Amino acid sequence: MRISGFLFAFGWLFCLYAKGQNGLDSSLSLAFTLPPLDSLMELAVRNHPATQLNQAMADASFEKWKVQKRSWSTNVSGFYNYSLGNQSLLISGTAQSDITNIANGYRYGVNLALPLAELVQRGPRVKAAKAEYDASLYKVDDVGNVIRRQVVEEYYNLLAAQEMLQIKTKAYESAKINERMSQQAYRDGSIGVLEYTRVLEMTGTAESEYILARRDLNTVYKQFEVLIGTPLSTLSSPNP
């Protein structure tokens, strides 16, 4: 009866811990409660600041490319003149070739001047801008692949840390049961002080390993949340 009561109490405390750390129920495998790995990878790529930074740089390169393709337009200008008068003709000079100006009316037109440098350099400038834009897209893809590899590594580190905690929890639970039984046996005189001390040391070792495993899981758990940019508690949905 004493052992059964102890088992119930210990199991109850463990359940409280399992459901109280970061909203994580460590009794449920994250492999089943989290979205598929491919979805997590794309979520991380989409949310990661490095992706957003390089995408913004790619967008800027695209705009520069468009500007270079339209740079010829800087050599085109329009004009519009409008004047008011009394319909009289103003004649300057005395020769037939003198200029005659109409005092009222309007004039408009377009001026186009293409320097030789523009004709020669425009093509290479556009190609260079296009190459810069392509390079920025390659950079976005490269950063995305780096993030995906990180997600794969951290994902399996997270699963391993959870499994390790479950193993260490069971070992600690067994050690506590053994300690309780040895304590009673020591009181009854069935074992000596050396054996009882050895059991206590084993319990201490099991507890230390359990604490380290819990710390490792919490660390990897938080690191994975930072990597994907979303709390795992918002993604976890146990399968029915």
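Select Y155 to begin: at 7% relative accessibility this residue counts as buried (buried means under 20% relative accessible area, exposed over 50%, partly exposed in between, with a 1.4 Å probe and protein chains only).

The model is predicted, so local features need pLDDT of at least 70 and side-chain atom pairs count only at pLDDT 80 or more, while totals for chains, interfaces and linings use all residues. Residues are numbered from 1 along each chain as its sequence is written, and side-chain values use heavy atoms, with hydrogens and water left out.

Next, aromatic pairs. Rings of Phe, Tyr and Trp (its six-membered ring) pair if their centres lie within 6.5 Å; planes under 30 degrees apart count as stacked, over 60 as edge-to-face and the rest as tilted. By this rule there are 4 aromatic pairs.

Y155 and F224 make a tilted pair, 6.3 Å centre to centre with 50 degrees between the planes. Y155 sits in helix α5 (residues 116-188) and F224 in helix α6 (residues 193-228), so this pair ties together parts 69 residues apart in sequence. Helices (H or I, at least four residues) are DSSP runs, numbered from the N terminus. F224 is buried, its relative accessible area being 0%.

Move on to Y172 and Y210. Their rings are stacked, at 5.2 Å centre to centre and 25 degrees between the planes. Y172 belongs to helix α5 and Y210 to helix α6, so the pair ties together parts that are 38 residues apart in sequence. Y172 is buried at 11% relative accessibility, and Y210 is buried at 9%.

Finally, select Y155, Y156 and F224 together: these residues form one aromatic cluster.

Notes
Helix = DSSP H or I, 4+ residues; strand = E, 2+ residues; numbered from the N terminus.
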